[in-house]
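Please walk through this protein with the sequence and the coordinates side by side.

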Amino acid sequence: MILSPPAEVWRLLADGHRYGEWVTGTREVLAADPHWPDVGARLRVRVGAGPLTLDDTCVVRVCEPQRRLELEARAEPFGAARIAMDLAPWGGNTLFTLDWHPLRGPGTRMHGLPVDYLVAVRNGMMLTKLARIAVREHPVAAPA
């Protein structure tokens with residue numbers, strides 16, 4: 001649950017240049033198509049840990065503003081994964097779910113424990129960062 005309305009959470013998702021702020025492992029956003037997050041738009045990012053980095057491309061596959069965003073993340077030679085983000089209004093807040101599934105490459109053979117556990121931890125970190133940014137930028141008004 002994110003303590004901001006879906007329109008505010010969507011505003012963060014719709015700004016490709018801000019992905020580095022909340023997507024765990026992203027070192028920097030190299031380029032974002034000006035029509036992000038329209039279907040077909042691309043986001044190029046550098047990901048990594050420590051001295052190891054890799055350039056990744058995310059392509060928007062589904063865009064339903066303020067409801068759903070699906071990306072195909074490609075990190076060659078490791079393959080590609082589908083990332084689906086769903087937003088649902090919950091009172092004045094947002095119920096946000098994130099799902100990840102490998103599409104091709106070595107990740108398809110490693111799907112399951114312990115890889116799924118590591119992905120779940122990473123996704124939890126991302127959701128926490130996204131929620132903190134949304135609340136910091138758009139605090140919930142106190143009841144009168």
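In which segment is Ser4 found? Ser4 lies in the segment before α1, where helices (H or I, at least four residues) and strands (E, at least two) are DSSP runs numbered from the N terminus. The model is predicted, so local features need pLDDT of at least 70 and side-chain atom pairs count only at pLDDT 80 or more, while totals for chains, interfaces and linings use all residues. Residues are numbered from 1 along each chain as its sequence is written, and side-chain values use heavy atoms, with hydrogens and water left out.

Ser4 has a relative accessible area of 0% and is therefore buried (buried means under 20% relative accessible area, exposed over 50%, and partly exposed in between, with a 1.4 Å probe and protein chains only). Leaving out residues up to four places away in sequence, Ser4 touches Val9, Gly92, Asn93, Thr94, Ala134, Val135 and His138, a contact being heavy atoms within 4.5 Å.

The protein as a whole has four helices and six strands, and from the N terminus on these elements run α-α-β-β-β-β-β-β-α-α. The radius of gyration is 15 Å, close to the 15 Å that the globule rule gives for 144 residues, so the protein is as compact as a globular protein of that length; the radius is taken over C-alpha atoms, and the rule is 2.2 Å times the number of residues to the power 0.38. Of the 144 residues, 36% count as buried.

In soluble globular proteins, nonpolar side chains tend to be buried together. Here the largest nonpolar core holds 29 residues, of which Leu13, Tyr19, Trp22, Leu69, Met85, Phe96 and Leu130 touch the most other members; such a core is a set of buried Ala, Val, Leu, Ile, Met, Phe, Trp, Tyr and Cys residues joined through side-chain atoms within 4.5 Å. Among the elements that each supply at least two residues of this core are α1 (6-13), β5 (80-90) and α4 (115-137), and α4 gives the most, with five residues. Beyond its neighbours within four places in sequence, Met85 is in contact with residues including Leu13, Tyr19, Trp22, Leu69 and Phe96.
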